[in-house]
Amino acid sequence: MARTDEVARPAEEGGAPPRFPFPITSALDPSPEYARLRTEKPVSRVTLPSGDIAWVVTRYEDVRFVFNDARFSRQAATRPEAPKLMPGVEGDPDSIVSKDAPDHTRLRRLVAPAFTVRRIEGMRQGIQTTVDGLLDAMEQAGAPGDVVSLLSAPLPIITICDLLGVPASDRDRFREWSDMMFRTSPDELESAVAARNALIGYLAAMVQERRAEPADDLLGVLIAARDNDDRLSERELVSFAGGLIVAGYETTANRLANAVLVLLRNPGQLEALRADPELIGDAVEELLRFIPGGAAGGLMRVAVEDVEVGGELIKAGDGVIAITNSANRDEAVWEDPDRFDITRKPGSHTSFGHGIHHCVGAQLARLELQIGIATLLRRFPGLRLAVPETELPWKKNVVIHSLEALPVAW
């Protein structure tokens, strides 16, 4: 597990802002620096890996304010002159996550029917069948089994590829491309860009095939919106499909593996969930609140005019990162926020964002987590780590703190 004995401290008055992202002491906890900033300086300037200077916002109410205020633009963050988190990494201006209203509203309206609560609930049996099959294979192979390779990685890629209509034979390719796109090491930048280009190229070819042979899946719906009503540009169509695969796979896969580890680290909570499976909904919300998301804790936004946040004046052109990892541990919102408790009512955590950019696939991610965790615990009542926690391998140089493997016995 990634560890450090030194936590970043703010620079001396007049010096350079501290480096960001801040060091962590555990991959399953946000940096301790956030707790200090929430108390002492909730809106602070930092130095990004790119060398650019930006603001980080750490309190829950301020984070939601930034998410919900149109003066903080995702579109402006894709411009060449905008501050960048990583050197050489440009945002995709055609992606739905990079759009502001009204373009974002237009795109979201097109895809929202595919993600209604009713439609997602209709996927329950298919997801359950997938999980049952994956755990059948895990049980037949015998202990120890790897939760990452046998459950948390294949489940979301199968689900999202089925939703889009990607052939089963190409799932592994999509998984490899997605994994590489989330790498942050400068040495892997070229490979990450190549993986993104390969994914976009594949989807562009798939769109052409689907035009010749239409199908009743999400990609078919997007193509119809593009061709019949001209409500979607060709680049927007391909970009949305690619973004859905990457986000729908990578974030859910990592959250599922990390969630299982958190439960195994908290045997009292694990037994409470076993004793009352009806707690699975609240348990998943608490896991989403408790477990940090990306290492940077949020996406870059750029102020398009001067705005005051938390007593600080953020000027037009400044970069701003609203830190969800910090907001979800805010003492002003949750009592004893560093305690994992599946019986608490977690309320409106920020793990899926807020405002117009609230994750369109949030309900699908919740369903996969609920079914995956509940079925794993039911099928393997003696589930436990097969190695000491200190020996668990964590991926390096990735956007999201994620496990390479999670070996378990039962």
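Author: What follows is a conversation about the terms used for this model and the values behind them. The model is predicted, and local features need pLDDT of at least 70, while side-chain atom pairs count only at pLDDT 80 or more and totals for chains, interfaces and linings use all residues. Residues are numbered from 1 along each chain as its sequence is written, and side-chain values use heavy atoms, with hydrogens and water left out.

Reader: Why is R366 called buried?

Author: Buried means under 20% relative accessible area, exposed means over 50%, and partly exposed is in between, with a 1.4 Å probe and protein chains only. R366 has a relative accessibility of 15%, so R366 counts as buried. The residue lies in helix α15, where helices are DSSP runs of H or I with at least four residues, strands are runs of E with at least two, and both are numbered from the N terminus.

Reader: What makes the link between R366 and Q363 a polar contact?

Author: A polar contact is a pair of N or O atoms within 3.5 Å; within protein, one must be able to donate a hydrogen and the other to accept it, and residues adjacent in sequence count only if both atoms are side-chain atoms. The side chains of R366 and Q363 make such a contact at 2.9 Å. Another polar contact, of 2.6 Å, joins the side chains of T343 and D341.

Reader: Is T343 buried, exposed or partly exposed?

Author: T343 has a relative accessible area of 49%, so the residue is partly exposed. T343 sits in the loop between α14 (324-327) and α15, and its C-alpha atom is separated by 9.2 Å from that of L273, although the two residues are 70 apart along the chain.

Reader: How do you know that the buried residues of α2 line one face of the helix?

Author: In α2 (residues 60-68), the residues Y60, D62, V63, V66 and F67 are buried. Seen down the axis of α2, these buried residues fall within an arc of 165°, so they line one face; the arc is that of the directions from the helix axis to the C-beta atoms. On the other side of α2, E61 and N68 are exposed.

Reader: What makes α3 a helix with a buried face?

Author: H104, L107, L110 and V111 are buried in α3 (residues 103-111). Seen down the axis of α3, they fall within an arc of 130°, so the buried residues line one face there.

Reader: How do you know which strands pair in the sheet, and in what order do they stand?

Author: Two strands pair if DSSP finds at least two bridges between them. Five strands form an open sheet in the order β1-β2-β8-β5-β3, with mixed pairing. The edge strands are β1 and β3 (72-73), since each pairs on one side only. Strand β1 (residues 43-47) and β2 are joined in the antiparallel sense by five bridges, while β2 (residues 53-57) and β8 are parallel over four bridges, with A54 opposite G319 and V56 partnered by I321. Strand β5 (residues 300-303) runs antiparallel to β8, with three bridges between them.

Reader: Why is β2 described as largely enclosed?

Author: Four of the five residues of β2 are buried, so the strand is largely enclosed by the rest of the structure. In β8 (residues 319-322), G319 and I321 on one side and V320 and A322 on the other are all buried, so that both faces are covered.

Reader: What makes a space a cavity, and which residues line the largest one?

Author: On a 1 Å grid over the protein atoms alone, a cavity is a set of points where a 1.4 Å probe fits but cannot get out, and lining residues have an atom within 4 Å of a point. The structure holds one cavity of 30 Å³ or more, and about 90 Å³ of space lies in the largest cavity, a volume being the space filled by probe spheres set on the points, which are joined across faces, edges and corners. The residues R255, A259, V284, L287, L288, I291, P292, G293, L369 and I373 form the lining, and α13 gives the most, with three residues.

Technical notes: 1 Å grid on protein atoms, 1.4 Å probe; cavity = no way out; pocket = protein on both sides within 12 Å on 5 of 7 lines; lining within 4 Å.
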